[in-house]
Structure formats: C-alpha cells, structure tokens
Amino acid sequence: LRIIGTGFREGLTIAIGRFACADLVIESPNLARCTTPPASVGVDDVNATWQVQGEREQATLSQAFTYYEQVRIAEVRPDRVPLRGGVEVFIRGDGLIEGSRVRIAGQQINEVRSTDDGSIAVIVPPGEVGPADVQVSNFNGQATLEGGLLYYEEVQLDAVEPPIGPLTGGTPVSLRGAGLDQRSRVTFGMA
C-alpha cells in the first residue's frame, strides 16, 4: 500500500481499521509504503499515528481503503452442456460481483446475471466437443477454470441396419446417428 501525506518520520505506524500494516517503509516525509493486514470485505479507515517520547499525533483518512475478495471460480453447474449451447449454468466461487465479465471457450458472454447466493448465471453459447475454459473478470481481478465446462454431442439415432431380426435375438446391427461412442448403451424394446 502506498500512503501519501505529510510529516512522515520515525515513530510512524499505519493501520487499516484496527490493524497495523506490516513492513512499513518511510520513503520520504510525504511517502510511506506498507503491507496491508488481513481483514473482511468492506471499507476501512486509514490511520497514521506518530508517537515518540510521549508525544502523539494522529491523522485519519475516513473510508480510504476497500478490501475485496479476489476472483476465484470453484465450480460450474451443470458442468456438461450440449454442443448447441443455450443452457443456463451457474458459476460459483469468490469475488463474483455485479458487472463481472464471462468468457467460455474464448467467447464473450453478453448477459451475466448475479444471483442472491453470490454466484453468477450465464447462458452457454454453442461450442465444440470437449472441455472448455471458463473465465471471469471484474474489478477484483480475473480467474480461469481450465476445462470447467464440457461440451458433448447429443445422442441422435437416425437408422438401425438391418431393421429386422428373429425373436431369439443375436442379429448384429449397425447404428447410425450422432453422439454415439464406445460407452453408449443400446437396448431394444423393453429390454
């Protein structure tokens, strides 16, 4: 933290709210630097106190320093969406304030809605199969959840060949469509 004022000299302490700064360095009678103490989110006074041999002077700059939560993405729910997009997802974490900007797979999201629980909601744009990074930025900083969202191809069945077989089963068939892979489970009728 850089503090600008007058009369800075040996014996000076700087406090944010009730807690003293660490690593105070007086660079000149008008400039001091220090490391802020931990605190809660909010606005605090900055207090400069000079005390030597019983003499004491104090100056306060009211509501001069704001503590904020750094941006952090904890999760995206749901974390799987179809290629076509259009699904609302909720981004949870810290420092997700009104006015946050969101990018998914590099695409800027135009509508970002803050929710009552401190998360943000967006409608996912269309994407490509696979993982996509989710990025949030605002006045508090920026965070990226790599692979935080997974785009998948929706299952679509276009044809079964051959379309007939004996009641006893055992006929090899081929399926044509989209979203089918080795993990797909196929059933016939009520099986």
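This is a predicted model: local features need pLDDT of at least 70, side-chain atom pairs count only at pLDDT 80 or more; totals for chains, interfaces and linings use all residues.
Residues are numbered from 1 along each chain as its sequence is written, and side-chain values use heavy atoms, with hydrogens and water left out. Local features need pLDDT of at least 70 and side-chain atom pairs count only at pLDDT 80 or more, while totals for chains, interfaces and linings use all residues.

Begin by selecting Ile3, Ile4, Phe8, Ala48 and Ala59, which lie nearest the centre of the largest pocket among its 21 lining residues. A pocket here is an open set of points on a 1 Å grid over the protein atoms alone, where a 1.4 Å probe fits, with protein on both sides within 12 Å along at least five of seven lines, and lining residues have an atom within 4 Å of a point. This pocket holds about 340 Å³ of space, a volume being the space filled by probe spheres set on the points.

Next, select Phe65 and Tyr67, both of which are buried, meaning under 20% relative accessible area with a 1.4 Å probe and protein chains only. Their ring centres are 5.0 Å apart and their planes are at 75°, so the pair is edge-to-face (centres within 6.5 Å, planes over 60 degrees apart).

Then show Arg9 and Trp50, where the charged end of Arg9 sits over the ring of Trp50, 3.6 Å from its centre (CZ of Arg within 6 Å of the ring centre and within 35 degrees of the ring normal).

Finish at Arg80, whose charged end sits over the ring of Tyr152, 4.7 Å from its centre.

Methods
Rings of Phe, Tyr and Trp (its six-membered ring) pair if their centres lie within 6.5 Å; planes under 30 degrees apart count as stacked, over 60 as edge-to-face and the rest as tilted. Buried means under 20% relative accessible area, exposed over 50%, partly exposed in between (1.4 Å probe, protein chains only).
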